[in-house]
Amino acid sequence: MNIRYFAWLREHIGASSEDIAHDQTMKTVSDLVDVLRQQSTGHQKALADMTLVRVAVNQVYVDIDHPVTAHDEVAFFPPVTGG
Amino acid sequence: MTIRVQEDDFDLTRIYAELREAPTGQHTPGAISLFVGLVRDMNNNHSVAAMTLEHYPGMTETKLTAIHDAAMTRWPLGKAIIIHRVGKLYPNDQIVLVGATSSHRQAATEATAFMMDYLKTEAPFWKSEQTADGVTEWVSTRESDMTARSRWQETK
């Protein structure tokens, strides 16, 4: 799966994207977040409080209990501040 | 082109001329509404030296197109346009332009406000501000932006 990070999540993690192998235990975004938090202290910090984070699967906003599959693009970012 | 995400500045005179022309097969407009957002030199009582706008390529264009199309469906518009800049910007630079044309003013002004309210809460852009002493901070969300958007859900 391709994982994308933006704004301060990208800064904490130190990368704008990474590939993560999908396995059968990753049924939802929440399962994926549990795996990502183990990757580094930066990941842990970025994904510590998911109420501060918005999630998009294949570029569509979803909730944390949305299903994920092996070929998904999953993005994590703060609430938007454009305009 | 109806939506654009670009680093370059935009030229109001050219956009205005484009909006003023009749859409293909339609009458000439009776009203043009335009909103332009600029970089402020102050935010929350500190001076802003520069601002960097990051976005999510692909999803940003999809979201802006959906917002544009929703406005075109909801109001009897001739044309609608959304332009948003990304990259490094400085105080007084133009950041965003939203515009709409219609036969009468109400549809154009409402559609412009609607597109701006949805852009601010749904389009994946993030601002970071640099102060004069070199400190960089991510801009946080304003509750008032969510309140502004909710008015379009209550009325038809």
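# A walk through a predicted model

B:Asn92 is exposed, with a relative accessible area of 60%; exposed means over 50% relative accessible area, buried under 20%, and partly exposed in between, taken with a 1.4 Å probe on protein chains only. This is a predicted model, in which local features need pLDDT of at least 70 and side-chain atom pairs count only at pLDDT 80 or more, while totals for chains, interfaces and linings use all residues. Residues are numbered from 1 along each chain as its sequence is written, chains are lettered from A and ligands numbered from 1 in the order in which they are written, and side-chain values use heavy atoms, with hydrogens and water left out.

B:Asn92 sits in the loop between β7 (87-89) and β8 of chain B. Here helices (H or I, at least four residues) and strands (E, at least two) are DSSP runs, numbered from the N terminus. The phi angle of B:Asn92 is near 80°, a positive value in a residue other than glycine. A:Ala7 also has a positive phi, near 55°, and is not glycine either. A:Ala7 belongs to helix α1 (residues 7-13) of chain A, and because its relative accessibility is 0%, A:Ala7 counts as buried.

Next comes the interior. In soluble globular proteins, nonpolar side chains tend to be buried together. A nonpolar core is a set of buried Ala, Val, Leu, Ile, Met, Phe, Trp, Tyr and Cys residues joined through side-chain atoms within 4.5 Å. The largest such core has 27 residues, and the members that touch the most others are B:Trp75, B:Leu77, B:Ile82, B:Met115 and B:Leu119. Two or more residues each come from β5 (50-55), α2 (59-74), β6 (77-85), β8 (94-102) and α3 (105-122) of chain B. The most, seven residues, come from α3(B). Apart from this core lies another, of 21 residues, including A:Leu9, A:Met26, A:Val62 and A:Phe76.

Leaving aside neighbours within four places in sequence, B:Trp75 is in contact with B:Ala107, B:Glu110, B:Ala111, B:Phe114 and B:Trp152.

The axes of α2(B) and α3(B) come within 10 Å and cross at roughly 155°; axes are lines fitted to C-alpha atoms, for helices over the stretch in contact, and angles run from 0 to 180 degrees between N-to-C directions. Therefore α2(B) is roughly antiparallel to α3(B), a label for angles over 145 degrees. On the α2(B) side, the residues making the contact include B:Leu64, B:Ile67 and B:Ala71, and on the α3(B) side they include B:Phe114, B:Met115 and B:Leu119.

Two strand residues complete the tour. B:Arg85 is in strand β6 of chain B and counts as buried, because its relative accessibility is 8%. Beyond four places in sequence, the contacts of B:Arg85 include B:Glu7, B:Asp8, B:Asp9, B:Asp93 and B:Ile95. B:Arg85 and B:Ile95 are ten residues apart in sequence and 5.3 Å apart in space, C-alpha to C-alpha.

B:Phe35 lies in strand β2 (residues 31-38) of chain B. With a relative accessible area of 34%, B:Phe35 is partly exposed. Not counting residues up to four places away in sequence, B:Phe35 touches B:Val96, B:Leu97, B:Val98, B:Thr112 and B:Met116. B:Phe35 and B:Met116 are 81 residues apart in sequence, and their C-alpha atoms are 8.3 Å apart in space.

Conventions. Contact = heavy atoms within 4.5 Å. Parallel < 35°, antiparallel > 145°, perpendicular 65-115°, else oblique.
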